[in-house]
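Visitor: Hi, could you walk me through this one?
Guide: Happy to, here it is.
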Amino acid sequence: MTAVVIGASGLVGGALMRALAAAGQDVVGTAWTHPQPGLHVLDVRDAAAVRRCIEQHGAQVVYVPASLTNVDYCELHPDESRASNVTGVRNIVASGVRVVYFSSDYVFAGDHGPYRETDPVRPICVYGRHKVLAEQSIASDGLIIRTTVVYGSELQRKNFVYRLRSTLSEGRPLRVPVDQIGSPTYAPNLAEAAVALEQRGATGVYHVAGTERASRYEFAGAAAAVLGLDAALIQPVTTAELGQAAPRPLDAGMICDKAQAELRFPLIPYGAGLPLFGAELRREAGTAGGPPAGRTPARTMAGGPPAVPGGEPRAAGVSPVRRRA
Ligand SMILES: NC(=O)c1ccc[n+]([C@@H]2O[C@H](COP(=O)([O-])OP(=O)(O)OC[C@H]3O[C@@H](n4cnc5c(N)ncnc54)[C@H](OP(=O)(O)O)[C@@H]3O)[C@@H](O)[C@H]2O)c1
């Protein structure tokens, strides 16, 4: 059985490629603006290219971590967000293949987390509204995995922990919100759970996240401790002080009992995931290119990647500030 991972050049997609390969599944991955050896280039907005890609590989299941994930960019460019985050997902669903779609706790308002699958959605920003519309397009045989605050090894090195490491290791302070609460999620744990749930034939919505809630500030402190960085450089601020374009669901995070009941291994807290990531980072430092992306030779599906800022680093809740004099 062949699986296609659309968005394999991202954080979750890269982890999915490794988890699927480890599970012995044939897997093909795609990238868009960050092409990598072994990944096909595909823009999900191109319906014909999406159909060709899925048919050509005889995919029985398509994992869709692909998304414009910079929530502030989405807030300021709602048409671009809709094209990739809603129309793009509909293009994939139209192929009729089973879809494993990755969604977010941004579908919630963030007024009383942590959230269960049965809680009503109430997005408060463009990105969240578009994730809800994409969820609504998933067919009844599809699987929707909502997750939050993902960290782990990735070639683009853009997730929160990489940004924290590069800022603090240069001796620069980092302003981190104390009032954004989530459930930090270790990408390999998320990917392994997604693959296991798909292979069990799960359908509908599942929350898959770390089992410990924390503010972004607490999580930053824990990451700094694990990586041996100077936590004194982490400056607590409120979200309002950061002046971000998109409103954030502040009191968020997830309850994952439903997924945990079906999994034969635990979803892990960040206290366990950060040391694993720390070990990955040490291994990365010993290699030139970071984590492996996949194992299929590259072929272009839809021409070259467009020169648009689709793959901008996500800036969720982090604001580097100038070096203090
Ligand atoms: N990371 C988190 O903290 C977090 C939290 C909650 C939910 N999620 C969800 O998890 C999923 C994966 O997140 P992530 O952190 O892995 O995101 P990411 O690292 O930003 O990766 C996004 C992926 O989507 C691809 N992509 C974007 N626009 C595309 C388009 N028009 N056509 C084809 N591919 C496109 C990107 O390709 P290029 O980079 O090659 O352009 C990249 O491979 C997303 O659905 C997100 O909503 C993530």
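Guide: We can start with a helix and then move to a strand.
Guide: This is a predicted model, where local features need pLDDT of at least 70, side-chain atom pairs count only at pLDDT 80 or more, and totals for chains, interfaces and linings use all residues. Residues are numbered from 1 along each chain as its sequence is written.

Visitor: How many residues does helix α1 have, and how far does it reach?
Guide: α1 (residues 11-22) has 12 residues and reaches 17 Å from its first C-alpha to its last, close to the 16 Å expected at 1.5 Å a residue. Helices here are DSSP runs (H or I, at least four residues) and strands are E runs of at least two, numbered from the N terminus. The expected span is 1.5 Å times one less than the number of residues.

Visitor: How many of its residues are buried?
Guide: In α1, 10 of the 12 are buried, including Leu16 and Arg18. Buried takes 20 or more other C-beta atoms within 10 Å of the residue's own, with C-beta atoms placed from the backbone.

Visitor: What follows α1?
Guide: Glycine 24, with a positive phi near 80°.

Visitor: New topic: which way do the residues of β6 point?
Guide: Leu143, Ile145 and Thr147 point one way from β6 and Ile144 and Arg146 the other, and all are buried.

Visitor: Which residue stands opposite isoleucine 144?
Guide: Valine 205 in β11. β6 and β11 (residues 204-207) run parallel, joined by 4 bridges; strands pair if DSSP finds at least two bridges between them.

Visitor: And how many bridges join β5 to β6?
Guide: There are 5, and β5 and β6 run parallel. Serine 103 stands opposite arginine 146 in β6.
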